[in-house]
Amino acid sequence: MKGKQPIGALTVYDFPTTRLLDETGVPFLLVGDSLGMVVLGYPDTTHVTMEHMEHHVRAAARAHPKALLAADLPYRSYETPEQAVFNAKRLVAAGAEAVKAEGGRSIVPQIKAIVDSGIPFCGHLGMLPQSVLEEGGYKIKGRSEIERGLLLADAEAVEQAGAFALVLELVTPMVAAEITQNQKIPTIGIGSGTECDGQILVTNDLLGTFPWFTPKFVKPRLAGSVLMREAITSWLGSIQNTKPTCTKTV
Ligand code: KIV
């Protein structure tokens with residue numbers, strides 16, 4: 001799709017959302033490890049395990065989406081090429097058609113091993129949520145000339161290792177545009193400007209169903225939590241006026 005049409009991508013974590021999103025024609029669905037935060041209630045993605053990922057990949061895969069269904073390798077699940085292949089195979093066995101992992105030159109052996117095992121691989125550069133504790137927050141990448149150089153080199157390395165696409169998270173729009181021009185594989189941006197080949201969002205951010213935190217770069221298209229609260233309050237009110245028809249006491 002690179003150079004032909006913008007690629008839309010969204011996260012999914014369960015059966016009904018996967019089915020609904022797939023029916024809209026989104027071409028790329030990701031069981032992201034963001035599930036740790038927006039579904040499981042953890043403070044960051046470092047708490048997500050392979051078992052969590054498998055459980056949610058299985059649920060999403062039961063929707064049999066026409067979209068490509070990719071899944072994140074979670075924190076510390078790809079420290080060696082052997083471990084990366086073992087865990088990528090577990091995600092594929094659960095129903096994923098591709099896997100994603102965070103990092104550039106430091107994980108090239110893992111990427112090559114995954115691709116050599118026949119599993120399509122999507123890269124992830126820029127702000128790496130699995131490194132949030134070391135980084136001390138969710139910081140924009142590519143502001144300095146050094147960071148720009150590191151990102152360009154990592155993007156080239158991830159492509160050369162065999163990735164089919166590259167997520168760019170919180171990369172300055174200029175550097176994201178440069179990577180998009182340099183690389184043959186599509187870039188999918190999140191908070192990285194409009195010049196990427198595609199855009200990905202956490203679905204809960206787009207639909208406003210996780211109101212306690214919305215990233216600065218997201219403008220929710222639906223006040224999901226407001227509508228849910230209204231519907232529930234209205235239903236609660238409606239049952240206050242109902243009387244049980246059976247008066248028999250036991
Ligand atoms: O885990 C996730 O949701 C991601 C984002 C890029 C959407 O990796």
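**Notebook: rings, ligand site, loops**

I started at phenylalanine 28, which is buried at a relative accessible area of 6%. That value is under 20%, so the residue counts as buried. I note here that the model is predicted.

**Aromatic pairs**

How many aromatic pairs are there by the ring-centre rule? I get 2. In one of them, phenylalanine 28 and phenylalanine 164 have ring centres 6.4 Å apart. Their planes meet at 50°, so I log this pair as tilted. The angle is neither under 30 degrees nor over 60, so neither stacked nor edge-to-face applies.

I then checked where the two partners sit. Phenylalanine 28 is in strand β2, residues 28-31. Phenylalanine 164 is in the loop between α7 (145-161) and β6 (165-169). They are 136 residues apart, and the pair links distant parts of the chain. Is phenylalanine 164 buried, partly exposed or exposed? At 27% relative accessibility, phenylalanine 164 counts as partly exposed.

Next I took phenylalanine 210 and tryptophan 212. Their ring centres are 5.1 Å apart and their planes are at 85°, so this pair is edge-to-face. Here the angle is over 60 degrees, which is why the edge-to-face label applies. Tryptophan 212 is exposed, with 65% relative accessible area.

**Ligand site**

I moved on to the ligand.

In aspartate 33, a side-chain N or O atom is 3.0 Å from a ligand oxygen. For aspartate 72, a polar side-chain atom is 3.1 Å from an oxygen of the ligand. Lysine 100 has a side-chain N or O atom 2.8 Å from a ligand oxygen. I also checked the cover: on its own the ligand has 250 Å² of accessible area, and the protein covers 96% of that.

**Positive phi**

I turned to the backbone. Histidine 64 is not a glycine, yet its phi is positive, about 45°. I place histidine 64 in the loop between α3 (50-61) and β3 (68-72). Is histidine 64 buried or exposed? It is exposed, with a relative accessible area of 66%. The cut-off is over 50%, so the label holds.

Leucine 170 also has a positive phi, near 50°, and is not a glycine. It lies in the loop between β6 and α8 (173-182). I find leucine 170 buried, at 11% relative accessibility.

**Threonine 46**

Threonine 46 is in the loop between α2 (35-38) and α3. At 13% relative accessibility, threonine 46 is buried. What does its side chain touch? It makes a polar contact with the side chain of aspartate 44, at 2.5 Å.

**Whole chain**

Last, I took the overall view. The chain has 10 helices and 8 strands. It has 250 residues, and 50% of them count as buried. Along the principal axes, the C-alpha atoms fill a box of roughly 75 × 40 × 35 Å.

Technical notes
Residues numbered from 1 in each chain as written. Predicted model: local features only at pLDDT ≥ 70, side-chain atom pairs only at ≥ 80, totals over all residues. Heavy atoms only, no water. Phe/Tyr/Trp six-rings, centres within 6.5 Å; stacked < 30°, edge-to-face > 60°. Helix = DSSP H or I, 4+ residues; strand = E, 2+ residues; numbered from the N terminus. Buried < 20%, exposed > 50% of the residue type's maximum accessible area, 1.4 Å probe, protein only. Polar contact = N/O pair within 3.5 Å; in protein donor to acceptor, adjacent residues only side chain to side chain. Areas by Shrake-Rupley, 256 points an atom, 1.4 Å probe, with all protein chains shown as cover.
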